Each structure stands twice: as C-alpha cells, then as structure tokens.
Amino acid sequence: MAKDEAKEERQAKLNKLIKGNAVSPGTALHGLAKTEFNEYLGSLQNHAHERWSLPEWLQNDSLKASILVYIDFRGTVIKRMLVSASGDSRFDDYALKLVDEASPFPPPPPKFVDVVRVNGVTLQFP
C-alpha cells in the first residue's frame, strides 16, 4: 500500500470516530426570520383554534394550558406534550386531543423545518 493511500485510510477511520463532533446548522432565530417564524406560529395557533370547541361544562375562563408540539416537514405532529397544565385534567386532555385531531398542521416554510422538528412550538389553549 502506498504511503498516501495509508494516510487516506487512517484519515477516513479518524473521521468515522469523530463523526458526532460536526457543527450543526443551528435553530436560533433573529430579526426578519423571527418575525416570519412568529407569523407561521400564528397560523399554527389559528389552525388549532378553528377546531377548538369546548363542551359547555369545561368553558371556564380561568383554564389555560400550553402544549409543546413537534412537527415534521409535512406539518404532521411527531410528538406533543403538556408543558403548562390548566389544573383540570379534563381540559388538558381535551387540548392534547385537539392537537392530535388538528394534525396535519400547515407545513413549515423550508427554513423553519428544523426549528419545529427539533425545538417544537408551544400552542396556548384556549
């Protein structure tokens, strides 16, 4: 084996060992991107609230819940979790069920695909 080939082989093995130490593109939002993301978040909130119709016995103005939702590039909910409970488990369950039924949500613009898939978005109920 030639000297150059041996060196390339060692480098290839080394690259496999340190593969996880790559710099990720990041998901921080600033300036105009933040404004555009907030518009997209508003469309998600509207999409959910169009389906929000609580039974009369759960319509209490003081009940509020927050759900963290992870969405793929098609707008499909990958995962969701309650991050701020209302204090009434029936209300919280209703909000979680609504997120499931509202899927798929509007697909994210290409530049926000990683943000909504990795960081998720928080939806407020009601």
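1. Leu 54 has its place in the loop that runs between helix H2 (31–49) and strand E1 (65–71), in what is a predicted model. Leu 54 counts as buried because its relative accessible area is 12%, and the cut-off for that term is under 20%.

2. Once neighbours within four places in sequence are left aside, Leu 54 is in contact with Gln 59, Phe 91 and Tyr 94. The C-alpha atom of Leu 54 is also separated by 9.2 Å from that of Ala 95, a residue 41 residues apart from it along the chain.

3. The sheet is an open one of 3 strands in the order E2-E1-E3, with antiparallel pairing. Strand E2 (77–84) and E3 stand at its edges, and each has a single partner strand, so one side of each is left without a neighbour in the sheet. On average, and with direction ignored, neighbouring strands are turned by 30° against each other.

4. The antiparallel pairing of E1 and E3 extends over 5 bridges, and the bridge partner of Val 69 in E3 is Val 121. Helix H3 lies across E1, E2 and E3, and runs at about 160° to E2.

5. The largest nonpolar core has 26 residues, of which Val 69, Ile 71, Phe 91, Phe 105 and Phe 125 touch the most other members. At least two residues of this core come from each of H2, E1, helix H3 (89–102), helix H4 (113–119) and strand E3 (121–125), and H3 gives the most, with 6 residues.

6. Ile 71, leaving aside neighbours within four places in sequence, has contacts that include Tyr 40, Leu 44, Ile 78, Phe 105, Val 116 and Val 121.

Notes
Residues are numbered from 1 along each chain as its sequence is written. This is a predicted model: local features need pLDDT of at least 70, side-chain atom pairs count only at pLDDT 80 or more; totals for chains, interfaces and linings use all residues. Side-chain values use heavy atoms; hydrogens and water are left out. Helices (H or I, at least four residues) and strands (E, at least two) are DSSP runs, numbered from the N terminus. Buried means under 20% relative accessible area, exposed over 50%, partly exposed in between (1.4 Å probe, protein chains only). Contact means heavy atoms within 4.5 Å. A nonpolar core is a set of buried Ala, Val, Leu, Ile, Met, Phe, Trp, Tyr and Cys residues joined through side-chain atoms within 4.5 Å. Two strands pair if DSSP finds at least two bridges between them. Axes are lines fitted to C-alpha atoms, for helices over the stretch in contact, and angles run from 0 to 180 degrees between N-to-C directions.
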